[in-house]
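Here are my notes on the side-chain contacts. Please read them with the model open.

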Amino acid sequence: DSDEAKFGAASWQLAASDTYRRHHIYRRVQFWIGLLASPDLPTGLTARRGTETDYSRFWRNGTVPPLGGRGARRSRVHCPGTLRSAAARDSASYCDALWPAQAGEPCAVYVIGIGGEWTFAEYALSKGCEVHAYDPTVELRARHRRSASRMSKTHFHFAGLGGSLIASKRTGGARAADSINSYGTIDEARLMTLEEMVARRPRGAAPIRVLTIDCEGCEWAAIEHLAHNSTAAEALGPVRLLMIELHVSPSMIPPTPAQFAAVFDFLLVRERFKLWSLRTNDGYPFDQNVADFLGVGGLAA
């Protein structure tokens with residue numbers, strides 16, 4: 001007898017569909033690993049234009065920038081002008097020419113994940129924007145509030161970013177258990193989705209032109225939520241500059257294969273954001289590993 005006859009046509013079709021879905025996810029995972037692993041490739045090693053692994057179409061200038069940096073912090077950057085180096089604890093750099101708001105134009109910047117580091121917030125203020133800073137770390141709450149109170153046009157929110165699971169738990173009346181990362185205790189009851197953050201803005205508030213996310217792994221579920229919910233995804237509509245630190249270590253909140261593929265497919269294919277900077281960051285010693293499926297796929301720790 002055939003397997004289909006043995007297990008039933010419906011069961012066989014379901015299994016076949018699930019196998020196809022998993023295969024598709026892992027193909028996308030492998031593709032996007034190639035994008036992230038590219039800073040570790042020797043300079044000049046690029047895919048032939050038009051091939052399946054040609055990543056130039058995802059870059060702002062249409063070409064993969066040359067490799068820079070050394071050691072664990074390698075980077076590819078396209079900045080047509082001044083590139084400002086960030087503080088030692090901040091893994092990003094800032095490109096003046098790519099700032100999306102003109103002088104005098106109403107502009108709001110959302111900084112999700114502070115960890116005691118206000119360098120980007122200060123940079124945004126120097127551009128004339130209003131800053132909304134989010135961080136749900138219990139031990140840093142008072143410190144963050146004091147720092148924000150000393151800065152003009154800066155609002156601190158004791159809250160963090162989450163995805164669909166956070167929303168469903170709130171609807172069901174359940175309170176998630178607090179978690180701990182290298183910065184302290186995360187008050188899970190203070191997590192919300194991006195569209196919930198946007199909905200709390202007062203009427204007539206400046207549009208969110210810049211969004212930065214560095215939340216020790218919360219980014220995977222949060223962006224996956226946007227990818228699967230078109231209404232929620234509208235929260236990204238006004239954003240012109242998006243900066244995300246992607247965490248792939250098992251010591252944080254690593255992505256599932258589906259989340260990993262969904263985040264890149266959503267941001268770079270569906271929403272058509274273009275890369276201008278891609279940088280590796282070694283982090284703390286105990287965070288210098290990658291999720292198993294990423295390591296097997298070729299992403300170095």
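1. A residue is buried under 20% relative accessible area, exposed over 50%, and partly exposed in between. Glu271, at 30% relative accessibility, therefore counts as partly exposed. Keep in mind that this is a predicted model.

2. Glu271 has a charged partner. Its side chain meets that of Arg270 in a salt bridge, at 3.9 Å from N to O. Arg270 is partly exposed, with a relative accessible area of 42%. Beyond this pair, salt bridges that share partners join Arg84, Asp96 and Lys127 into one network.

3. How many salt bridges are there by this rule? The count is five. One of them is Arg28 with Asp265, whose closest N and O atoms are 2.8 Å apart. Arg28 sits in helix H2 and Asp265 in helix H9, so this pair ties together parts 237 residues apart in sequence. Arg28 has 21% relative accessibility, so it counts as partly exposed.

4. Arg209 and Glu105 also form a salt bridge, with 3.9 Å between the closest N and O atoms. Arg209 belongs to strand S12 (residues 208-213), and Glu105 to the loop between S4 and S5; the pair therefore ties together parts 104 residues apart in sequence. Are the two partners buried or partly exposed? Arg209 counts as buried because its relative accessibility is 17%. Glu105, at 28%, counts as partly exposed.

5. Now the aromatics. The structure holds 14 aromatic pairs. Why is the pair of Trp32 and Phe264 called stacked? The ring centres are 5.4 Å apart and the planes meet at 20°. Planes under 30 degrees apart count as stacked, so the label follows. Trp32 lies in helix H2 (residues 9-37) and Phe264 in helix H9 (residues 257-270), so the pair ties together parts 232 residues apart in sequence. Trp32 and Phe264 are both buried.

6. Trp99 and Phe120 make a tilted aromatic pair, 6.1 Å from centre to centre with 50° between the planes. This pair links distant parts of the chain, 21 residues apart. Trp99 is in the loop between strand S4 (93-95) and strand S5 (108-112), while Phe120 is in helix H3 (residues 119-126). Both residues are buried.

7. Which residues form one aromatic cluster? They are Phe31, Trp32, Tyr55, Phe58, Trp220, Phe260, Phe264 and Phe293. The stacked pair of Trp32 and Phe264 thus has both of its members in this cluster.

Terms used
Residues numbered from 1 in each chain as written. Predicted model: local features only at pLDDT ≥ 70, side-chain atom pairs only at ≥ 80, totals over all residues. Heavy atoms only, no water. Phe/Tyr/Trp six-rings, centres within 6.5 Å; stacked < 30°, edge-to-face > 60°. Helix = DSSP H or I, 4+ residues; strand = E, 2+ residues; numbered from the N terminus. Buried < 20%, exposed > 50% of the residue type's maximum accessible area, 1.4 Å probe, protein only. Salt bridge = Lys/Arg side-chain N within 4 Å of Asp/Glu carboxyl O.
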